[in-house]
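Subject: Structure for you to look at

Dear colleague,

Please find below the structure that I promised to pass on to you, together with its sequence.

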Amino acid sequence: MNRISFSFARKLPLAYISHLDMLRLFLRALRRSRLPLAFSQGFNPHPRLTLALPLPVGVTASEEYGEIYFTEFIRPEDFIGRLRPQLPEALELIDAYIVRPEAPSLASRIEAALYRAILKNGFEQRLTAESVRDALERLLAREEIIIQRKTKKKKTASTNVRPYIIEAVVKKEAGKPMELNLVLKAGSQGGISPVFLLEQLESDPVCTGISAHDWQLHRESIYVNNDGILQPVSEGM
Amino acid sequence: MMVNWMPIDKDIISDLLSRVQKPARYLGNEWNSCLKDHDRVAVRAVFAFPDLYEVGMSNQGLKILYECVNSRSDLLMERVFAPAADMEDLMRENDLPLFALESQEALKDFDVIGFSLQYELSYTNVLNMLDLAKIPLYSSERSESDPLVIGGGPCTFNPEPLAPFFDFFILGEAEEFLPDLLAELGALKGRCLNRNEILSAISDLESIYVPSLYRPLYRDGVLCGMEKLDSRPSDVIRKRTVKDLDCAPYPTSPIVSYIQTVHDRAVIELFRGCGKGCRFCQAGFIFRPVRSRSRKNILETAEAIIAATGYDEISLSSLSSTDYAQIETLISEMNEVFEESKVKCSLPSLRLDSYSVKLAEQLHQGRRSSLTFAPEAATERLRKVIGKNISEEDIFKALSDAVAAGWQGFKLYFMIGLPTEKDADVEAILTLCRKIRQHFKLKTGRSLKIVVSVSTFIPKPHTPFQWEPQLELSEVVNRQQILRKGFRNMPGFDYSWHEPEASLLEAVFARGDRLLAPLLERAWQLGCRFDGWSEHFSFERWQKAFRDLNIDAGSYAYRRFNYDEYLPWDHIDCGVSKEMFIREHRNALIDESTRRGIS
């Protein structure tokens, strides 16, 4: 059994599809590529493909990760060469490498992600970087930011997500739109969506009227925990 | 080619996409979609589907015509679907006209807009889409710069309620004809003919119906004939049929949607038409005769589709797939071809007999979840009336076989309001279901999951039941009540029904004439959209529209039409004669009376 991990960028039109749609898209592209997919056992065998850390709808990404199993040895460059022509333009296959079968899944190692929220055209005049910086400070100064989440049994549970915000800074360079850089906890140990943070920001008087979809969200990188240090996945490869 | 009259700000589209639910409905650009340079073709067409993307993308007609038109270098065809309510609001707010998915150009800038008319309850969406496209609703109000608005699909077999909104209709199967017709329209335009001259010029072609060249005649408010306003077209318009499916175009590279559609799989058509002749079923008559695709063609086409799409399932589609002549051989060949790639083959719905269950068994190697059957009526008497000749023994045998083979559930389709139906026939649905449950509880010790879906009979044009009245609303509600109460006490059954008011509207428009066009416009003005979706359907709005125009819904739905009266669709020839329908209708009622005589 051959296990391959791969990275890809996701550009704008494709940001509008869900995680499940994305899985289906990859599976169909893989089938078209005629690569020797390995199937799970059981009544309904399905190809063994996972995509790490679902991306919220509407968010673009520089570096997403997936893992796939094949029945025979496939060189990473052949994987890329055969899959790339089957993918839409907005989905750019970046890299692929072989992973030891016993290695833990990438998904299980994810700790955090860096997002960029870029203010869309037309809102620049209404907000200054200083005022957004103040609003962010006010938000981060809170000890608790409570979020109501639906649990599996149709109940709601409240979670304090303040600890999940690792870093949130405003960036403003001359001639460029304002942007926020957000490092948020993510993965199986808990995390929050950047959309939630933008919604929180909207409730600050300074940002009234600027809603979450007035920012174009982009995931810059995904971090794993490497001996206690947060490190982008790409650096650990 | 044409000047761009209505340039679209693509930044607005991109901004709206970030604000709507399921933005992928409006993206275009899917795998196998086709974007051509507008300046390099002679004629630009849009295939317009008056329902949501997920529904329209499951339509086989779209796939067939899209690929066969786009295979021609002188033509292009793009797509548009009815925008959902949230998108419509944003489009109106931002004054964004309806645009085609591929190029994001305004519909108004195309040469031909072709609507697919699949069901009556999508008619208000047709008007709404024309309005969003800023194309005048009425054919008579369109200018030379507007596209031609044309229609095709099952509803064109009685297009009269829509007649004033369309420049022309194509009746029947268009795949061998549409590319040439589009090219011809371009040529006529190139010769500087105006709209009316173009319409007159094509009006004598087989299967073309230009409604503005016909005027319905009324005597004492009753339709009595059609007067031709031009000498070119024929008195009766004949539907077009493909002679040989193996030679007709069939899509091997259908578009693969980003989001899940209603039928999210590859489709290969085994045969067209149906030899069964159930008396309520319009498809069974308008798609005659039965024409089969060869096994060789099916296998080759199926392989090509899978290679071009990457689907993991292929549906063997037909009105009654298990009736395909060499179905057993075909299934084993399909299994062989797709064994390695683990592509599943599926049958849409099964005939209720052991043979069909055996075939389904051969097909599904995977988990056996549920099988779909359509007994339609629960008593043998009523099944005889509607021409669905299966016995209760057949039903039990088929279900037993399916349970023995490991299926864990069924979906059963019934109808209420069928001609000659009594309360007892409706109660028989409960009795039959109760029997099924007891039978299998005793046999297997486990209870089955059974979904029972009950629709309301709608008298459809070009069927032996076209003269029959629809059951009145209050009575439909009563009979649904019988079922609702009954199923409430039957665990394991999941009962669903159709909104009775929506079925009434469907009957009105199925049997309607041109006098309904203003009603449709009024209902649309009052905000009616997506009438086939219960969350959008508003009977109150429709009632107001009927009142405003002083039209009695009952005179269309509840009236028994006479054999000798002129029907709104009598100028449309579906290939089956009125005499044959009368004979079949009489046979249905004779079956009924002889049975009654015996008992």
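**Chain B as a whole**

The accessible surface of chain B amounts to about 23,700 Å², and carbon and sulfur atoms contribute 49% of that area. Please keep in mind while reading that this is a predicted model. Of the 599 residues, 59% count as buried, and among contacts between residues at least 6 apart in sequence, 77% join residues that are at least 24 apart. The chain carries 73 positive and 87 negative charges, whose mean positions lie 5 Å from one another.

**A six-stranded sheet in chain B**

Chain B contains an open sheet of six strands with mixed pairing, in the order β2-β1-β3-β4-β5-β6. Its edges are formed by β2 (75-81) and β6 (208-209) of chain B, each of which pairs on one side only. In general, the strands of a sheet pair through backbone hydrogen bonds, in either a parallel or an antiparallel sense. Strands β1(B) and β2(B) run parallel and are joined by seven bridges, with A45(B) standing opposite M77(B) in β2(B). Strand β1 (residues 43-49) of chain B also pairs in the parallel sense with strand β3 (residues 112-116) of chain B, in this case over four bridges, and here A48(B) stands opposite F115(B) in β3(B).

**Helix α3 of chain B**

Helix α3 (residues 60-70) of chain B has nine of its eleven residues buried, so it is largely enclosed by the rest of the structure. The buried residues in α3(B) are Q60(B), L62(B), K63(B), I64(B), L65(B), Y66(B), C68(B), V69(B) and N70(B). What covers them includes the strands β1 and β2 of chain B, the helices α2 (53-56) and α6 (178-190), and the strands β10 (266-269) and β11 (271-272).

**Backbone details in chain B**

The peptide bond from R288(B) to P289(B) is cis, with omega near -5 degrees, and P289(B) has its place in the loop between α8 (283-286) and β12 (291-292) of chain B. D95(B), which is not a glycine, has a positive phi near 55 degrees; this residue lies in the loop between α4 (85-93) and β3 of chain B, and D95(B) is exposed, with a relative accessible area of 51%. T420(B) likewise is not a glycine and has a positive phi, of about 70 degrees, and it is found in the loop between β16 (409-416) and α14 (423-444) of chain B. T420(B) counts as buried because its relative accessible area is 19%, where the cut-off for buried is under 20%.

**Chain A**

Chain A has six helices and eleven strands. Its radius of gyration is 20 Å, close to the 18 Å that the globule rule gives for 237 residues, so chain A is as compact as a globular protein of that length. The C-alpha trace of chain A spans about 60 × 40 × 35 Å along its principal axes, and 52% of the 237 residues count as buried. The accessible surface of chain A comes to about 11,900 Å², with 52% of it belonging to carbon and sulfur atoms.

One residue that I would point out in this chain is W215(A), which has its place in strand β10 (residues 215-226) of chain A and is buried, with a relative accessible area of 5%. Leaving aside neighbours within four places in sequence, W215(A) is in contact with A117(A), I118(A), L119(A), K120(A), M178(A), L180(A), L198(A), L201(A) and I210(A). W215(A) and E179(A) are 36 residues apart in sequence, and their C-alpha atoms are 8.4 Å apart in space.

With best regards

Conventions:
Residues are numbered from 1 along each chain as its sequence is written. Chains are lettered from A and ligands numbered from 1 in the order in which they are written. This is a predicted model: local features need pLDDT of at least 70, side-chain atom pairs count only at pLDDT 80 or more; totals for chains, interfaces and linings use all residues. Side-chain values use heavy atoms; hydrogens and water are left out. Helices (H or I, at least four residues) and strands (E, at least two) are DSSP runs, numbered from the N terminus. The radius of gyration is taken over C-alpha atoms; the globule rule is 2.2 Å times the number of residues to the power 0.38. Buried means under 20% relative accessible area, exposed over 50%, partly exposed in between (1.4 Å probe, protein chains only). Accessible areas come from the Shrake-Rupley method with a 1.4 Å probe; for residues, only the protein chains shown count as cover. Two strands pair if DSSP finds at least two bridges between them. Contact means heavy atoms within 4.5 Å. Lys and Arg count as positive and Asp and Glu as negative; His and the chain ends are not counted. The place of a charge is taken as NZ of Lys, CZ of Arg, CG of Asp or CD of Glu.
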